[in-house]
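User: Here is a model I would like to go through with you. Let's take it one question at a time.

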Amino acid sequence: MSNSAETTTKRPLRVAIVGAGPAGVYAADILTKSNEVKDGDVEVSIDLFEAYPAPYGLIRYGVAPDHPRIKGIVNALHKVLDRGDIRFLGNVTYGRDLTLHDFRSFYDAVIFSTGAIKDADLNIPGIDFEGSFGGADFVSWYDGHPDVPREWPLDAKEIAVIGNGNVALDVARMLSKHADDLLVTEIPDNVYKGLKNSPVTDVHVFGRRGPAQIKFTPLELRELSHSNDVDIVLYPEDFEFDEASDDAIRTNNQVKTMVNTLTNWLVEEHAEAEQPSSRRLHLHFLHSPVEITSEDGNGKVSGIKFERMQLDGTGNAKGTGEFVDYPVQAVYRAIGYHGSPLDELEYDARRGVIPNDGGRVLGADGKPVPGIYATGWIKRGPVGLIGHTKGDALETIGCLLEDRLTLPPADNPDPQAIIDLLEERGVEYTTWAGWNKLDAHEVALGAAWNAENPDAAVVRERVKVVPREDMIGISRA
Ligand code: NAP
């Protein structure tokens, strides 16, 4: 084996990126556009791996279908991958199809951008009752994730959603919207049918702190009022502001805008009693979940108990000792995502991230593991909007380029070698050309639906293919 400095100057730097969501695509793009590459100091050859047969990670499987603006980021990511200088290899799972040893053998550097897709735990009694769900799991269902069941039990009339972040808003909006208003989106047929049969009348969203401590963003909050035939209900007793709230309203424009929106809704709601809608979306604050209850002791959710909270002056909340019960038949916790451990890498179970220093992955001794990097939510935790991932990738790629002369060189840098290994192992990997076929197929399904439903009020741009085997079959046809 030649030394790394020699190796990297004689041939392209081979880089594997594991995870083709926004974080992975941004990292690949930033690397190819870096000054070092542009100036010709470094040549790179990048393979972008993805566990699903399709690219785009969280945008395909995390963004709500009625958020076309955010889904539109796909167009930018498509352009990057369509250039042809980044090779996409889908349906390849790290730790199952390829090990860390494999990656080390074929690449000089590996960047993990596997994100966070699981729900954070909420440890309260009754959390395992039938009818208690993780918001992230529900998101996976309505986004047609290939590995979750096709059916979702939507039999509750009254539903509690715990959390005051954008995922709670997505979950509450999707649960309360009328299915026909979602037809215009790319929702899979099974999701449309499931939502169409939902008997829901009331969705209650609960935050444990006050209206100035919400983690929503203004656009997403305002959007709640756009749902057809869904009233927003607020409660004056929840509108408590402490010193820290006043500071936040004064100094943070987003907080100010959102508190104004909520206050306006509260005033409007009490000022006029128009034709009531058939569904309601209630926003509650200062409610901390204590217990999910099952009235008949049959293990099915029948209610949820909260402790009323009060602000302590610093923007945090403390219990009042007063408890309230709400009759609900389903509970969704949307209290944050959590990363998952990756084989052979250290893991910070509390934060759900790979321990790292600015993107350099750390070993058990706390020192950087040469040639291994992380970016996106698995690097910094599940916070921030999609665009924030770019800054993250910039930092990680900066580290990689700084280290380039000391990277442990691959034993077999020939790009064909990894393909041969996947073939040898019988891995049904998908390619960029395969994704383009699946993409065109989904668009054609939308067109077929439009032709069959000429009188429908909506035009469907695409219909998502859900089963993994169908996605693979179409991609590899
Ligand atoms: P998040 O923004 O961190 O919100 C989590 C919420 O859960 C907070 O209100 C938090 O309250 C609450 N919470 C945490 N533990 C709790 C507990 N034990 N009991 C009760 N409440 C609890 O997380 P997220 O909603 O999962 O969103 C993740 C990221 O994705 C965010 O950056 C979000 O903006 C982004 N996102 C954006 C969109 C979009 O449409 N733009 C859509 C989805 C997600 P405290 O504040 O009191 O801790």
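User: Which residues of strand E14 are buried on one side and which on the other?

Analyst: This is a predicted model. Strand E14 covers residues 330-333. In a regular strand, side chains alternate between the two faces of the sheet. Both faces of E14 are covered, with Ala330 and Tyr332 buried on one side, and Val331 and Arg333 on the other.

User: Over how many bridges does strand E6 pair with E14, and what is the bridge partner of Ser132?

Analyst: E6 spans residues 132-134 and runs parallel to E14. The pairing holds three bridges. Within E14, Ser132 has as its bridge partner Val331.

User: In what sense does strand E7 pair with E14, and which residue stands opposite Ala330?

Analyst: E7 takes in residues 158-162. Four bridges join E7 to E14, in the parallel sense. Opposite Ala330 of E14 stands Ile159.

User: Is Asp420 buried, partly exposed or exposed?

Analyst: Asp420 sits in helix H16, residues 415-424. Buried needs under 20% relative accessible area and exposed over 50%. Asp420 has 40%, so the class is partly exposed.

User: Where does Gly473 lie, and how far is Gly473 from Gly434 in space?

Analyst: Gly473 belongs to helix H18, residues 468-476. Gly473 has a relative accessible area of 40%, so this residue is partly exposed. Gly434 is 39 residues apart from Gly473 in sequence. In space, C-alpha to C-alpha, the two are apart by 9.4 Å.

Technical notes: Residues numbered from 1 in each chain as written. Predicted model: local features only at pLDDT ≥ 70, side-chain atom pairs only at ≥ 80, totals over all residues. Heavy atoms only, no water. Helix = DSSP H or I, 4+ residues; strand = E, 2+ residues; numbered from the N terminus. Buried < 20%, exposed > 50% of the residue type's maximum accessible area, 1.4 Å probe, protein only. Pairing = 2+ DSSP bridges.
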